[in-house]
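User: I have a model open and would like to go through it piece by piece. Could you help me read it?

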Amino acid sequence: MAKVSMTVNGKTVTREVEGRTLLSTFLREDLGLTGTHIGCDTSQCGACTVHVDGQQVKGCTVFALDVDGADIRTIEGMANKDGSLSVIQQAFQDHHGLQCGFCTPGMVMAAASLLAVNPKPTEAEIRHHLEGNLCRCTGYHNIVKAVMAASGQDVGSIAAE
Amino acid sequence: MRDFEFVKPATVADAVKALAADGAQPLSGGQTLIPTMKQRLNTPERLVSLTGIAEMKGVCKGEGGLHVGAATPHAVVARDAAAYYPALAALAGGIGDPAVRSRGTIGGSLANNDPSACYPSAALASGATIVTNTRKIAADDYFQGLFSTALEEGEIITEVRFPIPEKAAYVKFNQPASRFALAGVFVAKFSGGVRVAITGASNDGVFRWAEAESALGANFAPSSLEGLNLSGDDMISDLHGTGAYRAHLAKVLTKRAVIAAS
């Protein structure tokens, strides 16, 4: 066991972990932040996407000890300060960008990462950016619409379901 | 996953020392190694993370071209190499997906030498120099077949130096589920000649296509490739495509890369 410290959603946390403890396991089991979902645990699905120092990563493919000292943001840190949904989260609700919701935390984190560097992405850029996030319910159209809407753009041009 | 001791040195010298222990292995971005460890195909007793070594990070112009620190993630190469070597930056920006590009590193990719990885083609086609903690290795001597390289036990890639070509492009055809290259071709035109490196296709990993290089050296145009054919005999044959299919695909992609570079 070794000591690890990081800032998670603005709060500094310190725990003892094993070398093999993954960031996703650390968030869920040590911190109780179960919003970060583990879909495949093989780096394919992106449900465990979180931000490490502003960069999106798959939480299941990073060791907790390797991000010692980092600034971590998870889905629990995405809502507005008053508890209302953030623009991206609200857009997912408004445009029915989820059905079962399992992939949604990862989708929201990936979308936030895209909009941080590209505030007005095209539909193609959104689809390209979401390549590492799998959704088995929606067929992606409404997710793309939600990201488009969250960027303040018209969603009329996106193909109907 | 079996447990291990995690070590994160801040200098190359300390990393080399930490790697001297029995059962020690280096860890870069971990985008291949961690999934492999989950399957217990790899069970190191100690992992030495290379992600905290500042001297191994960053992209800058230097002697002999563009110097890329081995622990530089793909996303950073995609952003910071764009002004100097657009084809290399575009290749880095097309690896895996955004999360993989945040963590995965050029040094990790070259050390692993996956036969379907993108970076080996850039290194070989550019005639790059692989700099390690002990020596400099020419790309032509570095790649030695499937998952096999000139690296010795405990040797760490610290930097990759890319000569910058006059024209270059990388074109790949993704296996649609894994996003690994079913075939990928990097074409680089220098004043002294053309280099063509093909990844994803051969059983021996990345290789240079000598006939295409001389034909394109005489006339840098897609039509120069008309009479040439790659043999499918030594190509990967699996459920995604036969050897003959990959050989054909590599030729088509070489043409497309020449067009994209022109």
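User: What follows helix 7 of chain B?
Analyst: B:Gly127 comes after helix 7 of chain B, and the phi of B:Gly127 is positive, near 65 degrees. Helices here are DSSP runs of H or I with at least four residues, strands are E runs of at least two, and both are numbered from the N terminus. This is a predicted model, in which local features need pLDDT of at least 70 and side-chain atom pairs count only at pLDDT 80 or more, while totals for chains, interfaces and linings use all residues. Residues are numbered from 1 along each chain as its sequence is written, chains are lettered from A and ligands numbered from 1 in the order in which they are written, and side-chain values use heavy atoms, with hydrogens and water left out.

User: How many residues of helix 7 of chain B are buried?
Analyst: Eight of the eight residues in helix 7 (119-126) of chain B are buried, so the helix is mostly covered. Buried means under 20% relative accessible area, exposed means over 50%, and partly exposed lies in between (1.4 Å probe, protein chains only). Among the buried residues are B:Tyr119, B:Pro120 and B:Leu124.

User: And B:Ser109, is that buried or exposed?
Analyst: B:Ser109 counts as buried because its relative accessibility is 17%. B:Ser109 sits in helix 6 (residues 106-112) of chain B. Leaving aside neighbours within four places in sequence, B:Ser109 is in contact (heavy atoms within 4.5 Å) with B:Asp114, B:Ala117, B:Tyr119 and B:Pro120.

User: Where is B:Ala138?
Analyst: B:Ala138 is in strand 7 (residues 136-138) of chain B. With a relative accessible area of 36%, B:Ala138 is partly exposed. B:Ala138 and B:Ala150 are twelve residues apart in sequence, and their C-alpha atoms are 9.9 Å apart in space.

User: Which domains does chain B have?
Analyst: Chain B is divided into domain 1 (5-49), domain 2 (56-162) and domain 3 (167-261). These bounds come from an automatic or database domain assignment. The C-alpha centres of domain 1 and domain 3 of chain B lie 34 Å apart.

User: New topic: how much area do chain A and chain B bury between them?
Analyst: Chain A and chain B bury about 2,000 Å² between them, with 55% of it on carbon and sulfur atoms. Buried area is the accessible area (1.4 Å probe) that two parts lose on being put together, summed over both. A:Arg20, A:Phe63 and A:Asp66 supply 31% of the area that chain A buries against chain B, more than any other three residues. The contact takes 22 residues from chain A and 28 residues from chain B.

User: How many salt bridges are there across that interface?
Analyst: The rule finds five salt bridges across the interface of chain A and chain B. A salt bridge is a side-chain nitrogen of Lys or Arg within 4 Å of a carboxyl oxygen of Asp or Glu. One of the pairs forming a salt bridge is A:Glu131 with B:Arg179, whose closest N and O atoms are 3.5 Å apart.

User: Which element of chain A gives the most to the side that touches chain B?
Analyst: Strand 4 (55-58) and helix 4 (123-129) of chain A each supply at least two residues of that side. Strand 4 of chain A gives the most, with four residues. By class, the side of chain A that touches chain B has seven nonpolar, nine polar and six charged residues. Ala, Val, Leu, Ile, Met, Phe, Trp, Tyr, Cys and Pro count as nonpolar, Asp, Glu, Lys and Arg as charged, and the others, Gly among them, as polar.

User: Where is A:Thr122?
Analyst: A:Thr122 is in the loop between helix 3 (104-117) and helix 4 of chain A. A:Thr122 counts as partly exposed because its relative accessibility is 40%. A:Thr122 and A:Thr104 are 18 residues apart in sequence and 21 Å apart in space, C-alpha to C-alpha.

User: Last one: which domains does chain A have?
Analyst: Chain A is assigned domain 1 (2-75) and domain 2 (87-150). Their centres, taken over C-alpha atoms, are separated by 21 Å. The contact takes 16 residues from domain 1 and 15 residues from domain 2 of chain A.
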